[in-house]
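Subject: A structure for you to look at

Hi,

Here is the structure I promised to pass on. Have a look at it first, and then read my notes below.

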Amino acid sequence: EPIVLGGAMTLEGVAGKTLTLSGVVSGTGDVSIASGTVALTATNTYTGATTVAAGATLAGNGTEPGALTFAAGAGLTMPAEGTLTVGGDVTIPATMTVNLTTAPTAETPVTLLTCTEGATLTVATSDFIQVYENGTLSHHAYEIVAVDNTIVLQIVENPVTAVKAEITGSEDWSALAWTALDGSAVSNINWNYIEEVQLSFATGTTNAWITRDVATPFLTTLTINAPGDGIYMTGTDITTLENLSVTGTLMVGNSMPVIPANLSGSGTLLFYTSTQSNVNAANAQFAYPNFTGRIKVGSGAVLTLAGVGDQKGQLNWDSTVEGSGQFEVMRGGKIVLANGHVFGWKDVAAQYDRTVLVVNGEGATLEIAEGGEEGTRNQYLRRTFELKGGATLNGRDWFNLARAGRLLVSSGTATLAGTAKMGCDGASDKTDLGARLEVAAGATLNVTGNIVTASSGHTTHALEIYGGGTVVMAGANTYQNNATHVAAD
């Protein structure tokens with residue numbers, strides 16, 4: 001149906017659908033596309049300007065007879081055939097989304113708009129042009145340029161793919177003084193093409209708050225050098241990281257929901273919001289051989305080690321991949337081992353002095369969730385878990401204390417809840433391994449759950465208690481075969 005304007009008209013589309021104006025729009029008045037996608041397919045004659053708001057999209061191969069302005073973050077959808085013809089001046093922002101069927105090639109750009117002769121074509125420097133080809137985000141750097149009386153989308157030749165910046169204080173990601181990795185100036189960063197970012201503190205800087213105000217959909221490598229109090233980073237999520245190197249401290253708000261598969265460096269990665277491990281799909285291991293620092297889970301945050309599919313996720317350093325990194329659950333934080341996790345160290349010598357996880361303070365919890373064929377297990381311990389004042393290790397289904405593991409309570413009153421199983425698989429090379437509770441003088445460990453024997457066919461070992469503190473065993477314990485041994489120290 002035709003539309004005759006007698007004043008301004010605002011069009012609001014519905015997400016996921018296109019509002020098509022196939023009838024001629026005539027009369028006098030400005031047209032505002034406020035939301036959704038609106039397609040102009042007729043030869044329109046109205047007198048007035050057209051604006052496309054952020055988040056809204058203009059489509060069609062008809063005529064827009066007046067001036068056309070796209071707000072930053074607006075979109076343009078190309079028709080399968082033809083282009084939209086514009087009768088007035090055109091303003092293109094630096095940040096824009098383009099949807100099309102066939103993306104440009106190095107030899108063949110794509111004409112987005114056809115304009116009347118003499119029109120003023122204003123195209124901002126293209127910082128971030130997102131191009132979707134048949135609904136899929138394209139991993140190329142693009143720019144929008146004015147060529148004669150057309151607006152053209154073309155590929156950027158030799159785009160910058162890696163950038164770095166020095167941080168001097170708290171600021172937005174986009175406001176940093178970015179350069180190429182060799183220090184050369186970068187006049188036009190297309191974040192849609194950046195794969196590597198390096199951030200470091202300028203001399204004298206000890207802390208910063210970085211807000212990620214741009215998306216980086218293909219960022220795979222992030223290097224942080226932030227000595228002192230470190231960087232607190234929040235804002236747009238980074239979900240594509242494969243490599244993260246940390247020196248100093250990186251505090252993560254809601255900008256890194258997944259720990260990348262390759263973590264390295266000697267620094268601290270501190271989570272203040274919930275996240276999960278990115279375990280390897282082949283063996284579901286959560287192993288960082290090149291990380292010598294510490295992963296901390298802050299108050300209110302939950303780090304979930306979740307297996308891939310029906311795999312068991314593992315915090316599992318073995319003889320080939322063991323690093324010297326450490327986990328710490330801070331006051332009010334939690335690590336959850338879900339989906340039948342195996343949490344431990346396989347085929348390595350027992351090292352009581354190698355503390356791999358510290359559950360540190362009131363409300364801090366290591367929770368081993370229910371699940372798995374035989375319950376959720378700590379199968380290969382052989383290292384030290386440390387509980388500090390008020391911390392809880394919740395075994396839920398069961399937690400294996402055997403295999404030369406040590407549970408250390410260094411201060412305050414800690415709790416071992418759930419069912420703890422004293423045993424292993426009975427293999428001949430495991431029969432000499434026992435379990436060790438070490439409670440420092442003045443500290444207390446409340447064992448509120450039951451310590452039970454291994455199941456049939458398994459070997460049960462002695463429970464050894466060291467340290468001069470107090471162990472309160474309040475459960476209905478049924479472990480057998482070897483007596484509890486309270487050591488002289």
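Please keep in mind that this is a predicted model.

Let's start with the strands. Strand 8 (residues 57-59) runs parallel to its partner, strand 11 (residues 74-77), and 3 bridges join the two. Within that pairing, Ala59 lies opposite Thr77 of strand 11. Strand 11 also pairs with strand 14 (residues 95-100), again in the parallel sense, over 4 bridges. There, Gly75 faces Thr97 of strand 14.

Now for the aromatic rings. How many aromatic pairs does a search of the whole structure find? It turns up 4. One of them joins Trp173 and Trp178, whose centres are 5.4 Å apart with 45 degrees between the planes, a tilted pair. Trp178 also pairs with Trp191: here the centres are 5.1 Å apart and the planes stand at 75 degrees, so this pair is edge-to-face because the angle is over 60.

Together, ring pairs make a cluster of Trp173, Trp178 and Trp191. Are these residues buried or exposed? Trp173 is buried, at 0% relative accessible area. Trp178 is buried at 7%, and Trp191 is buried at 5%.

One last thing to find on your screen: the charged end of Arg212 sits over the ring of Trp173, 4.6 Å from its centre.

Enjoy exploring!

Best wishes

Methods
Residues are numbered from 1 along each chain as its sequence is written. This is a predicted model: local features need pLDDT of at least 70, side-chain atom pairs count only at pLDDT 80 or more; totals for chains, interfaces and linings use all residues. Side-chain values use heavy atoms; hydrogens and water are left out. Two strands pair if DSSP finds at least two bridges between them. Rings of Phe, Tyr and Trp (its six-membered ring) pair if their centres lie within 6.5 Å; planes under 30 degrees apart count as stacked, over 60 as edge-to-face and the rest as tilted. Buried means under 20% relative accessible area, exposed over 50%, partly exposed in between (1.4 Å probe, protein chains only). A charge sits over a ring if NZ of Lys or CZ of Arg is within 6 Å of the ring centre and within 35 degrees of the ring normal.
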